[in-house]
Amino acid sequence: MDPSKITKYDKAYLRIAKEWGQLSYCKRKKVGAIIVKNRMIISDGYNGTPTGFENCCEDENDLTHWYVLHAEANAILKVASSTQSCQEATLYITMSPCKDCSKLIHQAGIKRVVYLDQYKDMEGIRFLERAGVEVVHLPDLA
């Protein structure tokens with residue numbers, strides 16, 4: 001991507017996502033997400049357990065419970081229960097999306113993803129690129 005297209009807003013929204021991730025109760029990894037449309041934050045999310053579950057993401061062996069929701073899934077689900085739409089929005093996330101979340105991102109109509117750190121499996125990013133979603137890796141917030 002052309003570095004001139006990375007704006008001060010991209011950096012600011014990514015910093016907000018990073019801060020939002022600190023609200024997560026997960027010990028192993030704290031991930032935050034912000035969905036922005038027309039320069040307005042329409043949703044936010046962080047990784048954690050579903051509503052009504054104990055705020056404990058890991059089991060006694062420090063492994064993540066299978067039912068923990070990823071930050072971007074939580075943000076997309078918040079939009080689904082509102083009057084907003086993700087169509088043409090940008091997702092700012094502190095970690096690149098996994099395969100499953102990438103499907104949600106594409107189906108939600110999000111057209112741009114800006115992320116900070118790379119997930120261990122880059123298959124989700126490859127899927128998004130194939131689907132025509134603009135993907136921006138912005139590892140340096142300085």
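Biologist: What is the relative accessible area of D62?

Modeller: In this predicted model, local features need pLDDT of at least 70, side-chain atom pairs count only at pLDDT 80 or more, and totals for chains, interfaces and linings use all residues. Residues are numbered from 1 along each chain as its sequence is written, and side-chain values use heavy atoms, with hydrogens and water left out. D62 is placed in the loop between β2 and α2 (71–80), where helices (H or I, at least four residues) and strands (E, at least two) are DSSP runs, numbered from the N terminus. Buried means under 20% relative accessible area, exposed over 50%, and partly exposed in between (1.4 Å probe, protein chains only); D62 is partly exposed, with a relative accessible area of 38%.

Biologist: What phi does D62 have?

Modeller: Most residues other than glycine have a negative phi. D62 is not a glycine, yet its phi is positive, at about 65°.

Biologist: Is R39 buried or exposed?

Modeller: β1 and β2 form a hairpin with 2 residues between them, and N38 in the turn has a positive phi of about 55°. R39 is placed in the loop between β1 and β2 and has a positive phi of about 60°, although it is not a glycine. With a relative accessibility of 56%, R39 counts as exposed.

Biologist: What distance does helix α1 reach from its first C-alpha to its last?

Modeller: The expected span of a helix is 1.5 Å times one less than its number of residues. Helix α1 (residues 8–21) has 14 residues, for which 20 Å is expected. From first C-alpha to last, α1 reaches 20 Å.

Biologist: What arc do the buried residues of α1 cover?

Modeller: In α1, the buried residues are D10, Y13, L14, A17 and G21. They lie on the same side of α1, because their arc, taken from the directions from the helix axis to the C-beta atoms, is only 100°.

Biologist: Which strands do the buried residues of α1 pack against?

Modeller: K8 and E19 are exposed on the other side of α1. The buried residues of the helix pack against β1, β2, β3 (90–95) and β4 (112–117).

Biologist: Which residue does UniProt list for "active site"?

Modeller: The UniProt record, an unreviewed entry, also gives the annotation "domain: CMP/dCMP-type deaminase" for residues 8–128. UniProt positions are given in the numbering used here, feature names are shortened, and annotations may be inferred rather than shown by experiment. In the unreviewed entry, the residue listed for "active site" is E72.

Biologist: What is the relative accessibility of E72?

Modeller: E72 lies in helix α2. Contact means heavy atoms within 4.5 Å; not counting residues up to four places away in sequence, E72 touches A33, L91, I93, P97, C98, C101 and I105. E72 counts as buried, with a relative accessibility of 3%.

Biologist: Which backbone nitrogen does the side chain of N47 reach?

Modeller: N47 is found in the loop between β2 and α2 and counts as buried at 9% relative accessibility. A polar contact is a pair of N or O atoms within 3.5 Å; within protein, one must be able to donate a hydrogen and the other to accept it, and residues adjacent in sequence count only if both atoms are side-chain atoms. The side chain of N47 reaches the backbone oxygen of K29 at 2.8 Å. At 2.8 Å, the side chain of N47 also reaches the backbone nitrogen of V31.

Biologist: Is L138 buried or exposed?

Modeller: L138 is placed in the segment after β5. Its contacts, not counting residues up to four places away in sequence, are I6, D10, K11, L14, V114, Y115 and L116. At 7% relative accessibility, L138 counts as buried.

Key:
Pairing = 2+ DSSP bridges.
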